[in-house]
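Subject: Structure handover

Hi,

Here is the structure I promised to pass on.

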Amino acid sequence: MPSNGFQVVDADAHVVETLRTWDYMDGPEAQFRPNLLLSQESPPKRYWQVDGKIRGLQPQSLSEMELEERSRRSGKNIVTPQAAREMDDVELRLRDMDRLGIDIQVLHNTLWIEQVTERPEIERAMCRSWNRWLGEIWKQGQGRLRWSCVPPWMSLDAAVEEMNFAKENGAVAVTMRPIEGNRTMIDPYFYPILEEAVRLDLAIVVHIANANPGIVDVMRSPYDPGTAFGLFRIPTVAACHALMMSEIPTRFPELRWGFIEASAGWVPWIITEAKNRYNGAGRRFPDNVLSEYNIYVTCQTDDDIPYIIQCAGEDNIVIGTDYGHFDPSSEVDAISVFREMSGMSEVAMRKILSDNPKALYGLE
């Protein structure tokens with residue numbers, strides 16, 4: 001394990017689902033197992049098929065040479081072993097964390113960036129299998145691989161059951177999307193889940209995503225190479241603003257929130273927008289809204305982190321590598337790059353690398 005003088009926590013790492021992820025779908029649930037389809041594109045891509053419909057892209061199995069070339073073009077290292085990304089070899093994942101100076105990773109899903117099905121029974125089966133897969137990974141992870149539960153949002157009783165299983169098997173958070181079907185995440189429909197999260201001491205993690213098929217269909221354009229920005233990142237930013245404006249932080253004052261993989265450059269803007277609306281309504285705005293409302297945000301090394309700290313304080317910013325993915329947020333060397341950045345105190349660095357993510361995820 002790395003020796004940093006303190007534990008370094010990667011607040012945003014991933015597992016990449018494979019056909020093995022669904023091995024826990026047995027009995028009647030086995031009929032709902034997702035399949036992988038190979039497209040006719042050049043080069044071909046692999047898509048998940050759920051209930052006869054295409055539901056998401058599985059990240060490509062790129063060679064180390066291909067990953068190195070992508071890293072060169074992006075200026076960010078994204079080279080990771082496939083067996084570590086897909087959790088075929090948990091020991092390899094731990095060794096790679098050692099190489100990167102990471103003590104603990106908090107693992108998030110890859111597939112649930114969009115809605116995976118309209119059928120509650122299929123959602124329950126898929127979430128149950130995914131959570132048990134992660135529970136087994138945690139058991140092999142020597143306490144270093146924690147994770148965020150995926151609940152079946154269309155079945156709240158089953159969601160509570162999954163949260164309890166997850167808590168008992170290494171989970172530290174519950175994944176929530178900014179838009180869940182036809183509801184935004186602040187809808188009172190979700191209050192039973194928030195209540196259970198408080199009882200179990202689990203954070204709510206809002207990872208970039210969009211589970212409203214209508215919005216996805218409208219915004220996904222072949223003419224816009226930056227479609228993912230509007231589809232997934234902007235809803236996450238808007239959800240943070242909506243949370244600040246809602247009754248939720250005062251109704252559930254102990255609940256911790258993480259906004260993951262949307263960078264943090266927007267944080268000063270959102271704080272200003274919310275403050276102006278509070279003032280206009282004659283409401284008191286918190287002196288430090290992130291701290292008072294238990295809101296944490298992942299930064300990236302290309303953010304102006306000293307400025308963000310100046311506006312938002314240093315106690316609610318965390319950092320992640322996006323380990324396992326190959327998109328603009330990915331930088332497996334983020335921890336070491338962050339350590340070399342200027343303009344921050346050693347105290348602020350330790351908070352962002354260790355103290356803050358531990359507070360977010362309830363880690364000791």
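First, the cysteines. The disulfide count is zero. Please bear in mind that this is a predicted model.

A disulfide needs the two sulfur atoms within 2.5 Å.

Cys-311 is partly exposed, with a relative accessible area of 33%.

Next, the helix pair. Helix 5 covers residues 156-168, and helix 6 covers residues 191-200. They pack with their axes 10 Å apart, at an angle of about 20°. Helix 5 is therefore roughly parallel to helix 6, because angles under 35 degrees count as such. The crossing of the two is right-handed.

Which residues meet there? Helix 5 brings Leu-156, Ala-159, Val-160, Met-163, Asn-164 and Lys-167. On the helix 6 side they meet Pro-192, Ile-193, Glu-196, Ala-197, Arg-199 and Leu-200. By class, this contact has eight nonpolar residues, one polar and three charged. Asn counts as the polar one. Lys-167, Glu-196 and Arg-199 are the charged ones.

That is what I have for now.

Best wishes

Definitions and conventions: Residues numbered from 1 in each chain as written. Predicted model: local features only at pLDDT ≥ 70, side-chain atom pairs only at ≥ 80, totals over all residues. Heavy atoms only, no water. Buried < 20%, exposed > 50% of the residue type's maximum accessible area, 1.4 Å probe, protein only. Axes fitted to C-alpha atoms, helices over the stretch in contact; angles between N-to-C directions. Helix = DSSP H or I, 4+ residues; strand = E, 2+ residues; numbered from the N terminus. Parallel < 35°, antiparallel > 145°, perpendicular 65-115°, else oblique. Left-handed = near helix turned anticlockwise from the far one by under 90°. Contact = heavy atoms within 4.5 Å.
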